[in-house]
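Hi,

Here is the structure I promised to pass on to you. Could you have a look at it with my notes beside you?

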Amino acid sequence: MQYYKKIRIFFVLLETVLIAAVPAYAARIKDIAEIKGVRENQLIGYGLVVGLDQTGDGDKTVFTKLALAGMMRNMGLDVSPDEFKVKNTAAVIVTADLPPFAKAGAHIDVLVSSLGDAKNLQGGTLILTPLKGLDGNVYAIAQGPVSTGGFSAGGEAAQVQKNFPTVGRVPGGAMIEREIPYDFSQKKELTLALDHPDFTTAVRAVERINAVLSEPAAAATDPGTIHIRLPKSYEGNIVRFAMEIENIQITPDAAARIVINERTGTIVMGENVRISKVAVAHGNLNIQVSEGALFSQPPPLSEGGTGMAVPDTAISYIEGDNRLILMQPGTTIGELVKALNALGVTPRDLIAILQAIKAAGALHAKLEII
């Protein structure tokens with residue numbers, strides 16, 4: 001009994017060590033990388049939305065008339081394009097994403113976007129539309145009622161609109177007709193493509209994968225590509241192997257970066273931003289000048305005296321009493337923000353301060369302005 005108790009304590013301690021070995025703030029490999037070959041493919045097609053309530057394309061939209069005439073001709077009705085009034089019809093571009101390993105008969109959502117001068121697609125129906133890939137082959141057929149998720153209404157003098165009624169979706173509106181050939185089960189290795197190539201992240205991923213597999217199966221050929229050889233224990237079960245790999249957790253690394261959007265005053269800073277020793281002062285001087293006039297009355301008992309307007313200028317100023325802040329070497333971004341908040345700076349003031357610190361050579365991070 002004592003022997004089994006020691007064994008149980010050993011495994012509890014081993015589990016604790018393994019949990020502690022997982023780095024803090026780790027991310028799964030599936031969240032920072034993609035498996036080569038496992039991706040979506042874009043499809044596109046040209047179609048017509050019919051059944052609109054006088055909100056379709058205008059009579060000058062020639063391609064809508066030609067498409068409508070061609071559709072009617074395929075149905076056995078030979079009608080001239082000039083005879084059509086297309087107010088109830090709108091020409092649209094139909095797009096969809098074909099998921100990896102999608103099978104024939106499955107349904108996918110499609111996005112419908114107006115191509116002409118239609119005002120609203122609400123209440124319309126997308127008629128049979130082939131969706132093609134870049135190779136020109138038809139992979140899906142779309143058809144169904146369009147849901148815009150918005151509306152547009154108004155009269156001669158006013159109009160109200162929510163969202164974009166000229167763009168809509170057809171949930172499950174496309175049926176897959178052709179599968180993309182890809183034999184995943186015959187693969188002898190997996191190739192990972194990092195979403196953000198980085199030398200440190202690639203090395204960490206390789207080390208972590210090899211530690212989990214207990215063999216040197218992974219190797220990085222560049223900062224964004226990792227090749228993983230299929231171990232013998234996973235032969236014939238590569239799906240299980242891919243599941244194990246994509247759930248391994250690592251801590252991705254990134255260059256110190258500050259992104260600034262001057263139009264909105266938005267500032268995003270990475271945790272690795274560091275600042276050398278620098279003094280920061282934030283002072284404001286508000287000067288207000290107001291111009292007025294005083295009316296001077298004539299002296300008492302004066303004959304023919306008239307009043308006079310005397311200019312009156314008032315000047316006031318308010319000067320901030322903020323102190324000079326000295327940032328020590330190696331100051332983190334959290335300490336910087338805390339110090340600047342103590343000065344009472346606004347986001348736009350912070351943008352100017354960061355630019356000045358960068359110009360002084362004391363900001364050790366990439367400053368990007370978008």
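Four strands make up an open sheet with antiparallel pairing, in the order 2-11-13-12. Strand 2 and strand 12 (218-222) are its edge strands, each pairing on one side only. On average, neighbouring strands of this sheet are turned by 25° against each other, direction ignored. Please keep in mind throughout that this is a predicted model.

At the strand 2 end of that order, three bridges join strand 2 to strand 11, and the two run antiparallel. If you want a pair to look up, glutamate 34 has alanine 193 in strand 11 as its bridge partner.

Two helices lie across this sheet. Helix 4 lies across strand 11, strand 12 and strand 13, and runs at about 165° to strand 12. Helix 5 lies across strand 2, strand 11 and strand 13, and its angle to strand 11 is about 30°.

Which residues of helix 5 are buried? They are Ile238, Phe241, Ala242 and Ile245. These residues cover an arc of only 100° around the axis, so they sit on the same side of helix 5. Among the elements that cover them are helix 2, strand 2, strand 11, helix 4 and strand 13.

**The cores**

The largest nonpolar core has 26 residues, and those touching the most other members are Leu190, Leu192, Ile209, Leu213, Ile228, Phe241 and Ile245. Two or more residues each come from helix 2 (29-32), strand 2 (33-35), strand 11 (189-194), helix 4 (199-213), strand 13 (225-229) and helix 5 (238-246). Helix 4 is the biggest contributor to this core, with five residues. As general background, nonpolar side chains tend to be buried together in soluble globular proteins.

Leaving aside residues up to four places away in sequence, leucine 213 touches Ile228, Pro231, Tyr234, Phe241 and Ile245. Apart from this core lies another one, of 23 residues, which include Leu52, Val92, Leu126 and Ala140.

Leu126 also turns up in a strand pairing: its bridge partner in strand 7 is glycine 144. Strand 6 (residues 125-132) and strand 7 (residues 138-145) run antiparallel and are joined by six bridges. Their hairpin has five residues between the strands, and there glycine 136 takes a positive phi near 85°. Strand 7 is also joined to strand 10 (residues 167-176), by three bridges, and these two run antiparallel. In that pairing, isoleucine 141 has methionine 175 of strand 10 as its bridge partner.

**A buried asparagine**

Back in helix 4, have a look at asparagine 210. Is asparagine 210 buried or exposed? With a relative accessible area of 18%, asparagine 210 is buried, because the cut-off is under 20%. Its side chain reaches the backbone nitrogen of alanine 217 at 3.0 Å. Not counting residues up to four places away in sequence, asparagine 210 touches Glu215, Pro216, Ala217 and Ala218.

Strand 15 (residues 257-261) and strand 24 run parallel, with four bridges joining them. Within this pair, arginine 257 stands opposite lysine 366 in strand 24.

**An exposed lysine**

One last stop is lysine 277, in the loop between strand 17 (274-275) and strand 18 (278-280). Lysine 277 has a relative accessible area of 53%, which makes it exposed, because the threshold is over 50%. Lysine 277 and alanine 362 are 85 residues apart along the chain, and their C-alpha atoms are separated by 6.9 Å.

Technical notes: Residues numbered from 1 in each chain as written. Predicted model: local features only at pLDDT ≥ 70, side-chain atom pairs only at ≥ 80, totals over all residues. Heavy atoms only, no water. Core = buried A, V, L, I, M, F, W, Y, C linked by side-chain atoms within 4.5 Å. Buried < 20%, exposed > 50% of the residue type's maximum accessible area, 1.4 Å probe, protein only. Contact = heavy atoms within 4.5 Å. Pairing = 2+ DSSP bridges. Polar contact = N/O pair within 3.5 Å; in protein donor to acceptor, adjacent residues only side chain to side chain. Arc of directions from axis to C-beta. Axes fitted to C-alpha atoms, helices over the stretch in contact; angles between N-to-C directions.
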